Amino acid sequence: MGVDVQQLLEAAVAGIDGQTRPGQVQMAEAVNTAMHDGSHLLVQAGTGTGKSLGYLVPALLHAIEGRRVVVSTATLALQSQLVDRDVPALLDATEKLLPRRPAYAIQKGRNNYACLHRIREGAPDDDGMLVDIPPAGEVGRQVVELREWAEQQLLDGEAGDRDHAPSHQYQAWQQIAIAARECLGAQKCPYGEECFAEKSKEQARKADIVITNHALLSIDAFENRTVLPEHDVIIVDEAHELPARVTGAAGDELSPQMVERAAKRSRRFVDDDKADDLIDASDALRAALDGTREGRIEAANGPVLEAAALVRDAARGLYSDLNKKSDDKDDDPDGAKRQAKGAVKEIFDVAERVAALSDLDVVWMIDRERFGRELRIAPLTVAGLLRELVLKDRTAVLTSATLTLGGDFDAIARQVGLRPSDKLEDDDEMPEVDSDSDTGPLPWRGLDVGSPFEYEKQASLYVAKHLPPPHRDGLGKKQFEEIIDLVTAAGGRTLGLFSSRRAAEAATAAVREETDLKVLCQGDAQLGELAREFVEDPETSLFGTLSLWQGIDVPGSTCNLVIIDRVPFPRPDEPLMAARQRAVDEAGGNGFMAVAATHAALLLAQGTGRLIRRSSDRGVVAVLDPRIVTQRYGAFLRASLPPMWPTADREKVLGALKRLQSS
């Protein structure tokens with residue numbers, strides 16, 4: 001073909017008026033090697049490396065050879081960025097060097113596209129009747145607007161994608177979209193030929209590069225790779241999120257309300273007795289949950305498991321009755337019966353899984369405010385699922401700014417189903433691998449290409465050793481005083497990352513009471529609106545919880561200070577994490593380090609990464625939890641962070657923040 005990965009990368013960088021970065025070149029070459037020798041690659045590319053081009057350029061070369069590449073991201077935002085900006089810019093910059101211009105497409109879950117059947121026929125109510133939403137109230141107004149938008153999208157040949165829809169609430173979108181299990185299917189739906197979701201799938205089948213997200217990647221894996229088009233390379237960006245997203249996709253929930261709703265939607269298609277049986281089972285489940293404490297459900301929780309078995313049996317009978325008549329277009333012209341069947345089948349599947357209480361699953365009960373009590377179920381580990389369903393039989397490149405925890409890749413490798421013993425060193429040759437073996441090695445390499453930022457010069461890691469360790473009751477007076485002094489010295493310009501909503505709100509109140517500085521708190525408005533206001537006014541601060549630890553990008557003087565109130569260990573009473581930790585202990589390992597410390601290290605790395613977003617940024621990460629330097633596990637946590645200049649000198653830090661404020 002006459003062009004190699006370096007030439008293509010140079011053209012791509014020049015095309016966007018960028019600069020060549022050694023880490024980006026190293027990453028692109030490693031990705032290219034993995035694609036050709038079939039090994040898996042874990043590559044940590046720090047902020048500023050330009051990792052998108054680092055994997056897109058070799059993906060382009062691979063696609064030109066006629067081998068499709070799928071790129072998966074954790075967020076729809078990054079997915080859209082790749083499709084709307086990064087990939088088109090890359091193709092424009094490299095077009096003259098390639099024999100043809102590769103085609104690309106975006107593929108999302110069905111619920112992200114407007115459903116023409118639901119728009120034109122209506123959404124089902126709890127009794128299975130398809131009803132229309134009157135244009136009364138704000139949600140009704142939004143539904144009408146979304147319907148008009150979708151019809152115009154169809155006329156204009158557009159995608160019908162939620163990302164391009166008028167501003168709306170979630171409840172409004174649910175009236176014009178549909179879950180995959182309730183879809184009639186292109187062959188049975190009267191609007192199948194016009195369907196936005198089906199058109200998206202067709203475009204993906206014709207594309208050389210397909211951009212998707214971890215949720216759909218998970219669904220594709222669980223459905224024997226029938227959702228995404230065939231491919232032999234998967235690139236996983238934001239790979240640190242993959243285990244959690246797969247856990248979510250492999251998890252289920254079961255509540256009395258869900259069971260009752262499914263029964264009511266089926267009533268007009270079956271004898272009343274069958275629907276009543278399922279309603280009675282929902283009452284039994286509600287009674288069992290009312291008599292159960294929140295937390296993990298184990299064999300001793302007999303009433304809950306017995307109620308789940310009642311739901312399973314009643315759902316099986318109802319589903320069998322729904323199947324007695326054929327389900328062709330004449331029998332089910334409005335699709336309501338198929339949607340009722342989908343709801344009942346889901347209830348049966350989840351209830352059967354809960355009642356079985358496998359050692360491979362964790363079941364727990366939560367009490368949701370306004371929604372009542374419900375059961376949750378999730379895999380004890382997803383490592384085996386990822387190994388078998390995602391990594392086997394294709395090459396995987398997993399990349400993120402935070403993949404080395406405690407100084408190496410082993411923790412993340414285990415989470416995604418790769419064995420540290422199968423790791424290849426730089427000079428190792430790729431061994432022969434038996435693709436039919438269930439127990440054979442999956443060879444992989446780990447590569448940290450670093451970051452172009454000079455963290456030692458640009459950032460300080462301040463640990464407030466003089467403060468008492470945090471306690472369960474939340475922040476104390478000394479912590480509030482420290483926060484106030486730090487924010488005052490910085491003149492605002494602070495991103496506060498807190499372990500709980502209560503802590504964020506209390507810290508916000510304290511700063512507002514003692515200073516004239518403006519502090520925004522997560523929950524005051526939509527997160528996007530708060531982030532915009534934070535960026536536009538450098539003297540404003542923003543305090544919040546988990547979504548701010550990972551989901552906000554604020555380069556420049558907007559953020560000179562990141563405050564972290566405590567090491568973000570999972571709560572001891574969080575059922576899934578506690579079960580995973582106990583399982584490691586019982587297997588002879590260190591559950592605390594493998595689960596709790598690894599979880600905390602990943603979040604700390606993500607949180608501290610909010611500070612330095614470009615080469616001109618300067619600032620301080622202030623950790624108010626002394627355990628990061630006083631406890632033995634602190635070395636593991638610190639080794640997971642960027643190499644910032646460490647200090648415990650409070651006065652030096654306050655002075656540095658004041659100088660940054662005036663510069």
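Where does N560 lie? In this predicted model, N560 is found in the loop between α21 (546-550) and β18 (561-564). With a relative accessibility of 6%, N560 falls under the 20% cut-off and therefore counts as buried. Leaving aside residues up to four places away in sequence, the neighbours that N560 touches are R493, L611, R618, G619, V620, L657 and L660.

Once residues up to four places away in sequence are set aside, I412 touches L42, L403 and L405. I412 can also be placed relative to H240: the two are 172 residues apart in sequence, yet their C-alpha atoms are 7.3 Å apart in space.

Attention may now turn to the helix packing around α1. Helix α1 (residues 5-15) packs with helix α2 (residues 22-37) at an angle of about 135°, and the two axes are 10 Å apart. The pair is therefore oblique, and α1 passes α2 in a right-handed crossing. On the α1 side, the contact is made by V5, Q6, L9 and V13, while α2 contributes Q24, V25, A28, E29 and N32. Sorted by class, the residues of this contact of α1 with α2 are 5 nonpolar, 3 polar and 1 charged.

Helix α1 also packs with helix α3 (residues 51-64), here at an angle of about 125° and with the axes 10 Å apart. This angle therefore makes α1 and α3 oblique to each other, and the crossing in which α1 passes α3 is right-handed. The residues in contact are V5, L8, L9, A12 and V13 of α1 and L53, V57, P58, L60 and L61 of α3. What is the make-up of the contact of α1 with α3 by class? It divides into 10 nonpolar residues, with no polar and no charged ones.

Another helix pair is formed by α22 (residues 575-586) and α23 (residues 591-608), whose axes come within 7 Å and cross at roughly 150°. From α22, the contact involves M577, R580, Q581, V584 and D585, and from α23 it involves G591, F592, A594, V595, A596 and H599. The contact of α22 with α23 comprises 6 nonpolar, 3 polar and 2 charged residues.

In α10 (residues 242-250), the buried residues are L242, P243, V246, T247 and A250. Viewed down the axis of α10, these residues fall within an arc of 135°, so they line one face of the helix. Helix α20 (residues 527-536) has L530, A531 and F534 buried. Seen down the axis of α20, its buried residues fall within an arc of 100°, and so they too line one face of the helix. Against which elements do the buried residues of α20 pack? Their partners are the strands β15 (494-497), β16 (519-521) and β17 (541-544). The face of α20 turned away from the buried side carries R532 and E536, both of them exposed.

R225 has a positive phi of about 55° although it is not a glycine. This residue is located in the loop between α9 (214-222) and β7 (233-236), and its relative accessible area of 30% means that R225 is partly exposed. E238, likewise not a glycine, has a positive phi of about 50°. The loop that holds E238 runs between β7 and α10. Is E238 buried or exposed? At 18% relative accessibility, E238 lies under the 20% cut-off and so counts as buried.

Terms used: Residues are numbered from 1 along each chain as its sequence is written. This is a predicted model: local features need pLDDT of at least 70, side-chain atom pairs count only at pLDDT 80 or more; totals for chains, interfaces and linings use all residues. Side-chain values use heavy atoms; hydrogens and water are left out. Axes are lines fitted to C-alpha atoms, for helices over the stretch in contact, and angles run from 0 to 180 degrees between N-to-C directions. Helices (H or I, at least four residues) and strands (E, at least two) are DSSP runs, numbered from the N terminus. Angles under 35 degrees count as roughly parallel, over 145 as roughly antiparallel, 65 to 115 as roughly perpendicular and the rest as oblique. A crossing is left-handed if the near helix is turned anticlockwise from the far one by less than a right angle, and right-handed if clockwise. Contact means heavy atoms within 4.5 Å. Ala, Val, Leu, Ile, Met, Phe, Trp, Tyr, Cys and Pro count as nonpolar, Asp, Glu, Lys and Arg as charged, and the others, Gly among them, as polar. Buried means under 20% relative accessible area, exposed over 50%, partly exposed in between (1.4 Å probe, protein chains only). The arc is that of the directions from the helix axis to the C-beta atoms.
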